[in-house]
Amino acid sequence: MGKTALAKLVFNDEAVDAHFELKLWVCVSDDFDLKRLVVKAIKAGKGGDGDLGSMYLEQLQKVLRDCLNAKKYLLVLDDVWNEDNRKWMELKQLFAGGAVGSKIVVTTRSNQVAKISGTISPHHLEALPYDKSLSLFLKFAFKKGEEKQHPNLEEIGEIVMKCKGVPLVLKTFGSLLFSKTSEQEWKVFKDSETWELMEKENQTFSILKLTYDQLSPQLKQCFAYCSLYPKDTDFISFGLIQFWMAHGLLESSHKNENPEDIGKRYLNDLLSRSFFQDYDLAFFFDAFKIHDLLHDIALSVAKNECCIVNTFEQNIAPGIRHVCLTNSDSSEENASKFLGKLGHLRTLRLPNLRNGPTSESFIETCLKRFQHLRMLDLSGSTLEVLPRWIGNLKHLRFLDISNCPNIKKLPNSICKLQNLQTLFLYGCDQIEELPKDMRYMISLRFLLLATKQRDLHGHGLQHLKSLRVLAIYGCENLEYLFDGIQKLTSLHTLWIVDCKKLVSLPHGLKYVAALQSLVIGVCEKLDLSTAQGLKEKEDYNEDYLVDTGFSLQSLYIADLPKLKALPQWLLRGSANTLKNLTITGCENLTTLAEWHILTSLEKLEIKCCPKLSTLPKTMKRLKQLKIEDCTLVSQRCQQEIGEGWPKVAHASRIVLDGNTITAPELLINPTP
């Protein structure tokens, strides 16, 4: 277990929760900037209103003290590198607003940091003993029990010993060697020169670099580009894949394979090799982070292409093509000099850009100077107007202006971006109207939008033939979508979330033949039995029961108080294709398509549906079942005695109100 993992266990412990009134976790890493750290701490404590980034340190100190409010707090400063005692003393003074008994925990790889920051003796993590190292390594190198099938791999013990008990190294190398059973492959790995370098320099970094060297050229480049995001970034799977796609990094030997599917394959490959950690699987997206040591490797291998800029005075290598600016607090003169150092950029990330001489005027200057951009990230800024010049970025593939709450209108020139593949407008909930000519954005594949409009008519969304993902999120006034949705012949995924005034879905939705994933949540007025004001017929005659256009693989429904029963149009065409079904927070739901035979359903999760009493009639392929706060269904699924137990008994994992029934306890009925 590493330092961060141990600190997280302590931080999340129930006893710690009970002891402290407030808990704050701040990832520090290389840049020990007091203002940035205070902003992070305030956000971690869910305090402060308004634009924290534009405040001076003195103003932030007052906000921080209001946040601490004389409470007994626990602050974890993770991965600290600052060895300047003066800066450390300044930081401690800023956190003087807590009650007696407040604690600050620091994790670091530097003995000097531990010396200047600690008031007690530091706790040095010991390396794992050999037996635990071997157990951890085998867990990642083989499927359970398979290591016994390869007794000739004598190199296992030597490789484990060379990992020196470092958990990250053991996991990473175990993942690297997974499924490799050739003695020659293991021997080549064991005899690598990198081991000698590590033994001479005692650097974990050097040995982890070996795992990077083993990647394919495509995966190397994809991982290296992750360096353009600061340490401790929460990556979202679809965002990273779209980023890779924008730069043409997704290659396949299969001519017709979609880039999104290639990206998922690349992502899963990197995950399986432990290049990502803290993996959190949600229904419609996955979140994860990069370990700080592996992030250092990404920075190292990409240093001639990618650069994170913390100040305009920073030296920039002449060949840099991808830049992330994390701090814009500087004069306009310095900003101008900085831009002069840069050549033909392909990526410009300006996340959380704030007011000052480097906001709107700076962005307009950037758009005019860097006309070969493929990716532009303006997320989290205080921009009120997006410059019209953006329409001239004819090479742009990915535009992220999410969480820009001050933007009220987008220039129609944005519709001239005919190569744009990805547009993120999430959190721009003050946009009064979308551009009228969006039909001309012919390459758009992923659209994540927010707006104050009552409907989405008149923008040509139905003509976006390349659109694969449409996500409509946080549209508080939206009552209806748009006609002609069935014309979206490539639409694979549709999310409709937090649209509280939405009344009905378009009638044409049931004819979107390519649709595989549907997410509908937090829509208080939505009646799924209504499609464009037309109630689903009660007399199900033969003509009406003809299969609908789509065949879903995943369906997620949440917080729909008007939902009493799943309408037939929603599931009828998916009876043989639906693999994942999640329903949560539907307080009036009483029946779950009992008449359906869901032949492909593998995962069923139902939460907080107190009136629900039935399950689908047949689920022969069910592998995972989770039921929580659904008393009637839980009773019917009780092991051996429940009326519905025979329907689910063959599942390999069942969780009923927190109680897990795993495969060894179940009567396994293999699916024929």
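These notebook entries record what I looked up in the predicted model shown above.

**Entry 1. Ground rules**

I worked on a predicted model, in which local features need pLDDT of at least 70 and side-chain atom pairs count only at pLDDT 80 or more, while totals for chains, interfaces and linings use all residues. I numbered residues from 1 along each chain as its sequence is written, and I used heavy atoms for side-chain values, with hydrogens and water left out.

**Entry 2. Salt bridges**

I took a salt bridge to be a side-chain nitrogen of Lys or Arg within 4 Å of a carboxyl oxygen of Asp or Glu. The search of the whole structure returned 20 salt bridges.

I looked up arginine 468 and found it paired with glutamate 260, with 3.2 Å between the closest N and O atoms. Helices (H or I, at least four residues) and strands (E, at least two) are DSSP runs, numbered from the N terminus.

Are these two partners buried or exposed? I called a residue buried under 20% relative accessible area, exposed over 50% and partly exposed in between (1.4 Å probe, protein chains only). Arginine 468 is buried at 11%, and glutamate 260 is buried at 8%.

I next examined arginine 265, which meets glutamate 257 in a salt bridge at 2.9 Å, N to O. Arginine 265 is partly exposed at 38% relative accessibility, and glutamate 257 is partly exposed at 23%.

The salt bridge of arginine 636 with glutamate 643 has an N to O distance of 3.6 Å. Here arginine 636 is partly exposed, with a relative accessible area of 25%, whereas glutamate 643 is exposed at 63%. I also noted a network in which salt bridges with shared partners join Lys3, Asp79 and Asp292.

**Entry 3. Positive surface patch**

Which residues form a positive surface patch? I found Lys501, Lys525, Lys562, Lys564 and Lys611. For such a patch I joined like charges within 9 Å, using residues with over 30% relative accessible area and no salt bridge. Lys and Arg count as positive, and the place of a Lys charge is taken as NZ. Accessible areas come from the Shrake-Rupley method with a 1.4 Å probe.

Lysine 564 lies in the loop between strand E19 (554–558) and helix H19 (568–571), and its relative accessible area of 57% makes it exposed.

**Entry 4. Aromatic pairs**

I described each pair of aromatic rings by the distance of the centres and the angle of the planes. Rings of Phe, Tyr and Trp (its six-membered ring) pair if their centres lie within 6.5 Å; planes under 30 degrees apart count as stacked, over 60 as edge-to-face and the rest as tilted. The whole structure holds 21 aromatic pairs.

For phenylalanine 398 and phenylalanine 424, the ring centres are 5.1 Å apart and the planes stand at 75°, so I recorded the pair as edge-to-face. Phenylalanine 398 belongs to strand E11 (residues 398–400) and phenylalanine 424 to strand E12 (residues 422–424), so the pair ties together parts 26 residues apart in sequence. Phenylalanine 398 is buried at 2% relative accessible area, and phenylalanine 424 is buried at 6%.

I also listed a cluster in which ring pairs link Tyr225, Tyr229, Phe235, Phe243, Phe276, Tyr279 and Phe288.

**Entry 5. Buried loop residues**

I placed alanine 450 in the loop between strand E13 (446–449) and strand E14 (469–473). Alanine 450 is buried at 0% relative accessibility.

Leucine 386 lies in the loop between strand E10 (375–377) and E11, and it counts as buried at 2%. I recorded 9.2 Å, C-alpha to C-alpha, from leucine 386 to isoleucine 401, which are 15 residues apart in sequence.

**Entry 6. Positive phi values**

Most residues other than glycine have a negative phi. Phi of asparagine 69 is near 50°, and asparagine 69 is found in the loop between helix H4 (57–68) and strand E2 (73–80).

Cysteine 608 has a positive phi of about 55°. I located cysteine 608 in the loop between strand E21 (603–607) and strand E22 (624–628), where it is partly exposed, with a relative accessible area of 34%.

Note on methods
Patches are made of residues with over 30% relative accessible area and no salt bridge: like charges are joined within 9 Å, nonpolar side chains (Val, Leu, Ile, Met, Phe, Trp, Tyr) within 5 Å.
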